[in-house]
Amino acid sequence: MIIYACHGGAKQVTGSCHLVTCNERRILIDCGLFQGSREEEQANAEPFGFDPASIDALLLTHAHLDHCGRIPLLVKQGFRGRIHCTSATRELARLVMLDAASLQEEDARRAATRARNGEAVEEPLYTIDDALHALDYFAADSAYGDTLDVAAGVRARFLDAGHILGSASVLLELDDGQIQRRMLFSGDLGNAGRPIVRDPMPAPPADYVVMESTYGDRPHRSVPDSVDELYQAIRETAQRQGNVVIPTFALERTQELLYYLHQGIRNGLVPSHIRVFLDSPMAISATEIFRRHPECYDIGFLKELEHGDPFGMPGLHFTRETGESMAINAIESGAVILAGSGMCNGGRVRHHLKHNLWRERSSIVFVGYAAEGTLARSIIDGAKSVSIFHREIAVRARIWTINGFSAHADQPNLIDWLGSAPRRKVFLVHGEYERGMTRLQEVLRKRGFNCQLPGKGEPIKID
């Protein structure tokens with residue numbers, strides 16, 4: 001018997017986690033953190049819905065926190081199998097998990113200092129030691145296209161998903177002794193035509209497809225138009241003598257923005273006096289990892305490398321140290337500040353928002369997805385003021401939302417990726433229920449696909 005259950009990403013965007021049981025072997029695809037509102041983040045401390053010690057192997061599609069962020073907790077609670085992923089994903093996942101552990105320890109220390117005598121202090125979900133321990137279970141790197149014997153009756157193949165460096169879709173070949181089925185997990189799919197990584201590999205033949213639906217309700221704006229709007233935001237802000245703050249995700253989005261800023265300055269589309277600050281130790285380290293993995297690059301980007309560093313530019317400053325980050329706040333104009341996190345629910349960007357959000361001369365430019373309940377979403381939705389570090393800050397800066405930079409496939413790209421080959425069933429996951437999921441489900445049903453939106457933990461027989 002083959003059973004599939006979605007334990008994260010079911011009728012919601014984050015926390016991706018999928019369990020396949022075949023021949024009494026239990027295979028997990030991804031194990032990510034829930035992100036967004038406080039209620040969603042509190043779900044990270046709840047039981048997984050299965051016994052971590054019973055899992056035989058974990059296949060990791062990519063290194064975003066909502067796909068790998070609960071792995072240290074999984075190991076902490078008894079997982080002793082092997083974790084398989086691409087080489088770039090392993091390097092990036094190490095960075096992401098250690099950063100998450102550090103932030104959790106820091107949050108716990110702050111909570112402890114605020115707690116009154118006798119009050120219970122919330123412990124971190126996991127520590128840096130837990131994250132380091134989890135790294136011991138990563139197996140030798142898997143390459144795109146290689147077939148991997150995961151367990152009895154279970155074989156896997158990683159296919160380029162074009163989402164971030166090292167990202168993969170996972171094709172499972174399942175044999176329970178009575179039936180053989182192919183089950184494809186899309187992971188997160190990238191948009192075609194982006195500058196650094198290759199386009200997603202189209203979905204191969206498979207009986208069942210588990211497919212992300214983050215932007216299943218709409219197309220993105222074109223990349224060239226989005227880049228032009230980014231340059232416009234910077235030029236207009238420079239004329240007002242303000243700063244541009246760009247909340248960024250450390251993986252892929254930051255590197256693409258550095259590439260486009262380099263191009264803009266080189267081609268005279270961005271004022272040459274602009275100073276660019278990459279104020280994210282994690283993004284700086286991720287950029288170094290990007291340089292080590294040309295096997296993931298698009299052919300056009302490989303050609304760029306022949307003419308120098310496509311991430312570098314005059315006036316670029318990497319700020320790792322806290323003191324360097326604080327010094328940026330003394331700059332009143334002419335700065336483009338890239339800082340995490342992209343949803344503004346943590347990281348150094350909150351300090352830069354505190355110093356620039358109330359200034360009419362400045363601009364805040366959002367270039368990625370913002371989940372419900374996050375600070376970024378509140379600002380995007382038009383809040384007149386927001387709370388940052390327990391202070392109410394007026395929103396007077398100009399707010400730009402440019403969705404063409406998304407690392408997720410939009411509705412047309414998702415449909416193209418799935419293709420027209422017949423499938424027994426398509427499971428839609430990793431999307432907002434009322435938007436991405438239900439609208440994509442309607443479109444796919446009109447195209448003849450049998451679509452299901454699995455409930456969290458719902459066991460589904462694969463026949």
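Start with strand β10, residues 208-212: with three residues, β10 gives the most to the lining of the largest cavity. Strands here are DSSP runs of E with at least two residues, helices are runs of H or I with at least four, and both are numbered from the N terminus. The model is predicted, so local features need pLDDT of at least 70 and side-chain atom pairs count only at pLDDT 80 or more, while totals for chains, interfaces and linings use all residues. Residues are numbered from 1 along each chain as its sequence is written, and side-chain values use heavy atoms, with hydrogens and water left out.

**Stop 1: the cavities**

Rolling a probe the size of a water molecule over the atoms shows where empty space is left. The search uses a 1 Å grid over the protein atoms alone; a cavity is a set of points where a 1.4 Å probe fits but cannot get out, and a pocket is an open set with protein on both sides within 12 Å along at least five of seven lines. Lining residues have an atom within 4 Å of a point. Points are joined across faces, edges and corners, and a volume is the space filled by probe spheres set on the points.

How many cavities of 30 Å³ or more does the whole structure hold? The search finds three.

The largest cavity holds about 90 Å³ of space. Select His18, His67, Ser186, Gly187 and Val429: of the 15 residues that line the largest cavity, these are the closest to its centre. The lining divides into five nonpolar, seven polar and three charged residues. Here Ala, Val, Leu, Ile, Met, Phe, Trp, Tyr, Cys and Pro count as nonpolar, Asp, Glu, Lys and Arg as charged, and the others, Gly among them, as polar.

Next, select Thr214, Tyr215, Asp217, Arg218, Tyr369, Glu432, Arg435 and Gly436. These residues line the second largest cavity. About 40 Å³ of space lies there. Its lining has two nonpolar, two polar and four charged residues.

**Stop 2**

**Stop 3: helix pairs**

Two packed helices are described by the angle between their axes and the distance between the axes. Axes are lines fitted to C-alpha atoms, for helices over the stretch in contact, and angles run from 0 to 180 degrees between N-to-C directions.

Show α6 (residues 223-239) and α7 (residues 253-266). Their axes come within 11 Å and cross at roughly 70°. That makes α6 roughly perpendicular to α7. Angles of 65 to 115 degrees count as roughly perpendicular, under 35 as roughly parallel, over 145 as roughly antiparallel and the rest as oblique. Val223, Val227, Leu230, Tyr231 and Ile234 of α6 make the contact with Leu257, Tyr260, Leu261, Gln263 and Gly264 of α7. Contact means heavy atoms within 4.5 Å. Eight of these contact residues are nonpolar, two are polar and none is charged.

Pick out Thr254, Gln255 and Leu258 of α7 and Ala283, Ala286, Thr287 and Phe290 of α8, which make the contact.

Move to α13 (residues 411-418) and α14 (residues 433-446). What is the angle between them? It is about 45°, and the axes are 12 Å apart. That makes α13 oblique to α14. The contact is made by Gln411, Leu414, Ile415 and Leu418 of α13 and Leu440, Val443 and Leu444 of α14.

**Stop 4: backbone details**

Zoom in on glycine 340 and serine 341: the peptide bond from one to the other is cis, with omega near 5°. Serine 341 is in the loop between β14 (335-339) and α11 (349-356). Cysteine 344 also lies in the loop between β14 and α11. Its phi is near 65°, a positive value in a residue other than glycine.

Finish at glutamine 241, in the loop between α6 and β11 (244-247). Glutamine 241 is not a glycine, yet has a positive phi of about 60°.
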